[in-house]
Protein chains: 2
Amino acid sequence: MTGQVRTVDGRVAGRRGQATRQKLLDCLSEMLSSSPYRDVKVIDVARKAGTSPATFYQYFPDVEGAVLEVAEEMATHGAALTELLEGRSWVGKAGWQTAQELVDGFLEFWRKHEAILRVVDLGAAEGDKRFYKIRMKILNSVNNSLADAIADLQAKGRVDKDVNPAAVAGALVAMLASVASHQKGFQSWGVKQAELKPNLALLVHLGVTGKKPTK
Amino acid sequence: MTGQVRTVDGRVAGRRGQATRQKLLDCLSEMLSSSPYRDVKVIDVARKAGTSPATFYQYFPDVEGAVLEVAEEMATHGAALTELLEGRSWVGKAGWQTAQELVDGFLEFWRKHEAILRVVDLGAAEGDKRFYKIRMKILNSVNNSLADAIADLQAKGRVDKDVNPAAVAGALVAMLASVASHQKGFQSWGVKQAELKPNLALLVHLGVTGKKPTK
DNA sequence: TCGGTAAGCTGACGGCATGACAGGACAAGT
DNA sequence: ACTTGTCCTGTCATGCCGTCAGCTTACCGA
C-alpha cells in the first residue's frame with residue numbers, strides 16, 4: 001500500500017535505516033513538546049537522536065517534511081475518534097452520555113497529541129494544503145458522524161429545516177479543538193477542567209439536538 | 001502611559017526613528033500574511049522596509065519581539081469588539097439579532113487580522129505568557145460580556161443553575177475564533193461562508209439562552 | 001570464507017541569517 | 001559653522017543550513 005520507505009536520494013531503507021528514521025521522528029516530537037515550533041532546528045533534533053544533521057537530511061527534506069510525517073502518523077491514530085460516535089444515540093439520557101463521552105474522548109486525544117496538533121493547526125491556518133488535509137482527516141471522522149446525526153434528527157422533524165448539519169457539526173468540532181488547545185486559558189477565567197467538560201457536552205448536545213439534555 | 005518608545009540600547013526614539021520602527025512593523029505584518037511564520041527572517045523584513053538588519057535589531061530584540069508589538073497594537077483595536085455586546089438584549093427577536101451581529105463582527109475582526117492572530121494563537125498554545133495575555137485581552141471583552149449575559153439569565157431562572165457562565169462563554173468564543181481561522185476548511189465540507197454565519201449565530205444563541213431563537 | 005554490493009553514516013564546506021559594535025551621516029539647536 | 005544626540009549601516013564572529021564525497025557496516029551469493 002504505502003510502498004517502501006525511501007531516503008531522499010532514492011535508496012530503500014532497511015531495518016537499521018528505518019530505526020534511525022523513527023528515532024529522528026520521536027526526537028522531533030519531543031522537541032515540539034518542549035520548545036516553540038519556530039526554534040526547532042535540524043541540528044538539535046539530530047543531536048538528540050545521537051546522530052548528525054546530514055543523517056537527518058537523508059530521510060527528510062527539511063523540518064517541515066519531518067513534521068508532516070509525525071502528523072500523518074498521529075492522524076492515523078485519530079481514526080479511533082470515530083468510535084466515540086459510531087452507533088450512538090442522541091435521544092434522552094443516552095444522548096447526554098454520547099455528548100459527554102465525545103467531549104471526553106476528544107479532549108483526551110488532543111491532550112495526548114497537543115504539540116503536533118498545534119503545528120498542524122498553524123500550517124492549516126496558513127493555507128498549507130498538506131497540513132490542511134491532515135487536519136481534515138482527523139476532524140472528518142467526528143464531523144461526518146455529527147453531521148449525519150443532525151441530518152437524521154432533521155429528517156424526523158426534530159431539528160429545524162434551516163439548520164445546515166455540516167456547518168453546525170464543523171463549528172462544534174472547531175470548538176472542541178480550540179478549547180482543547182487553550183485549556184489553560186480557561187483557568188484564568190476561573191474555570192476548572194472538571195467544570196469545563198460538562199459545559200462543553202451541554203453545548204454539543206444543544207447544537208446537535210437543539211434541546212437541553214435530560215440527565 | 002506607555003512612556004516613550006525606546007531602542008534596545010536605551011535611547012529614546014525621535015520622529016524619524018519612530019517612523020522607521022513603524023515601517024518595520026508594517027513590513028513584518030505583510031511578511032506574516034504572505035509567508036509561514038517559521039520562514040519570516042529579520043533580513044527579509046529589513047530588506048522590505050528598505051533598511052538593514054542592524055536597524056531592525058536596534059528596535060526589536062528579535063522577530064518574536066517585533067511580533068509581540070504588532071500583536072499588542074492589534075489587541076488595542078480589539079477593544080472595539082466590546083461594542084458588539086454592550087447593552088444588547090438576548091430576548092426575542094433582539095436576541096437573534098445580537099447573536100448575528102456578534103458573529104458578523106467577530107469574523108470580520110478575525111479576517112482583518114488573520115495573520116497576526118494565527119501567530120498569537122500559536123504562541124498562546126505553546127504556553128508563552130506574553131502571547132497568552134494578548135489573546136486574553138482580545139477575547140476577554142467578548143467573553144466577559146457573554147458570561148454576564150448568561151449569568152443574568154441564570155439569575156432570572158431562565159438558564160439552568162448548573163451551567164457555568166464563564167465556561168460556556170469561553171467555549172463559544174473559542175468556537176468563533178477557531179472557525180474564523182479555518183473558514184476555508186468548511187468549504188471542503190460543502191459549507192459556504194454565507195451559510196456558516198447563521199448557523200454560528202444559532203449556536204451562540206443556543207449557548208447563551210439555552211433556547212432556539214425567534215426569528 | 002570471501003568478496004561484491006547496497007545501505008548507512010559523517011566530516012567538511014560554501015552559503016546565509018544572526019546579533020553585536022563602532023563609526024559615520026544627519027537633523028536641530030546655538 | 002559647531003556641537004549634540006539621534007539614526008543608520010558596514011563589518012565581523014558565530015552558528016545553522018543543506019550538500020557531497022567518501023568511509024563504514026550489513027547482507028548475500030558463490
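A base nitrogen of DNA strand D is 3.0 Å from an N or O atom in the side chain of Gln58(B). This pair meets the criterion for a polar contact, namely two N or O atoms within 3.5 Å, where within protein one must be able to donate a hydrogen and the other to accept it, and residues adjacent in sequence count only if both atoms are side-chain atoms. The model is predicted, so that local features need pLDDT of at least 70 and side-chain atom pairs count only at pLDDT 80 or more, while totals for chains, interfaces and linings use all residues. Residues are numbered from 1 along each chain as its sequence is written, chains are lettered from A and ligands numbered from 1 in the order in which they are written, and side-chain values use heavy atoms, with hydrogens and water left out.

A residue is near a strand if one of its heavy atoms lies within 4 Å of it. Of the atoms of DNA strand D that come within 4 Å of the protein, sugar and phosphate account for 68%. At least two residues of this surface are supplied by each of α2 (42-48) and α3 (53-59) of chain A and α1 (15-34) and α3 (53-59) of chain B. These elements are DSSP runs numbered from the N terminus, with helices (H or I) of at least four residues and strands (E) of at least two. By class, the surface has 8 nonpolar, 7 polar and 5 charged residues. In this classification Ala, Val, Leu, Ile, Met, Phe, Trp, Tyr, Cys and Pro are nonpolar, Asp, Glu, Lys and Arg are charged, and the others, Gly among them, are polar.

## Surface near DNA strand C

Around DNA strand C there are 19 residues, of which Arg11(A), Gly14(A), Gly17(A), Thr20(A) and Thr51(A) come nearest. Sugar or phosphate contributes 71% of the atoms of DNA strand C within 4 Å of the protein, and bases contribute the rest. The residues of this surface divide into 8 nonpolar, 7 polar and 4 charged. The helix α3(A) gives the most, with 4 residues.

| Residue | Polar atom | DNA strand | Distance |
|---|---|---|---|
| Arg15(A) | side chain | D | 3.2 Å |
| Tyr59(B) | side chain | D | 2.8 Å |
| Ser52(A) | backbone | C | 3.2 Å |
| Ile43(B) | backbone | C | 3.2 Å |

Two or more residues of the surface near DNA strand C come from each of α1 (15-34) and α3 of chain A and α2 (42-48) and α3 of chain B.

## Relation of the protein chains

Chain B is superposed on chain A by a rotation of 180° with 0.0 Å of shift along its axis, at an RMSD of 0.1 Å. The two copies are therefore related as by a two-fold rotation axis. In chain B, the C-alpha nearest the axis belongs to Met175(B), 2.0 Å from it. The same surface serves both copies, as 100% of the contact residues of chain B recur in chain A. The superposition is by least squares on the C-alpha atoms of residues with pLDDT of at least 70 in both copies, and contact means heavy atoms within 4.5 Å.

## Nonpolar core and buried residues

The largest nonpolar core has 155 residues, of which Leu146(A), Met175(A), Leu146(B) and Met175(B) touch the most other members. Such a core is a set of buried Ala, Val, Leu, Ile, Met, Phe, Trp, Tyr and Cys residues joined through side-chain atoms within 4.5 Å. Buried means under 20% relative accessible area, exposed over 50%, and partly exposed in between (1.4 Å probe, protein chains only). Not counting residues up to four places away in sequence, Met175(A) touches Leu200(A), Leu203(A), Val204(A), Ala171(B) and Met175(B).

His182(A) is placed in the loop between α8 (165-181) and α9 (183-187) of chain A. His182(A) counts as buried because its relative accessibility is 10%. Its side chain makes a polar contact of 3.4 Å with the side chain of Arg135(B).

Ser141(B) lies in helix α7 (residues 129-155) of chain B and is buried, with a relative accessible area of 15%. A polar side-chain atom of Ser141(B) is 3.0 Å from the backbone oxygen of Ile138(B).

Leu25(A), in helix α1 of chain A, is buried at a relative accessible area of 5%. The C-alpha atoms of Leu25(A) and Glu69(A) are separated by 7.7 Å, although the residues are 44 apart along the chain.
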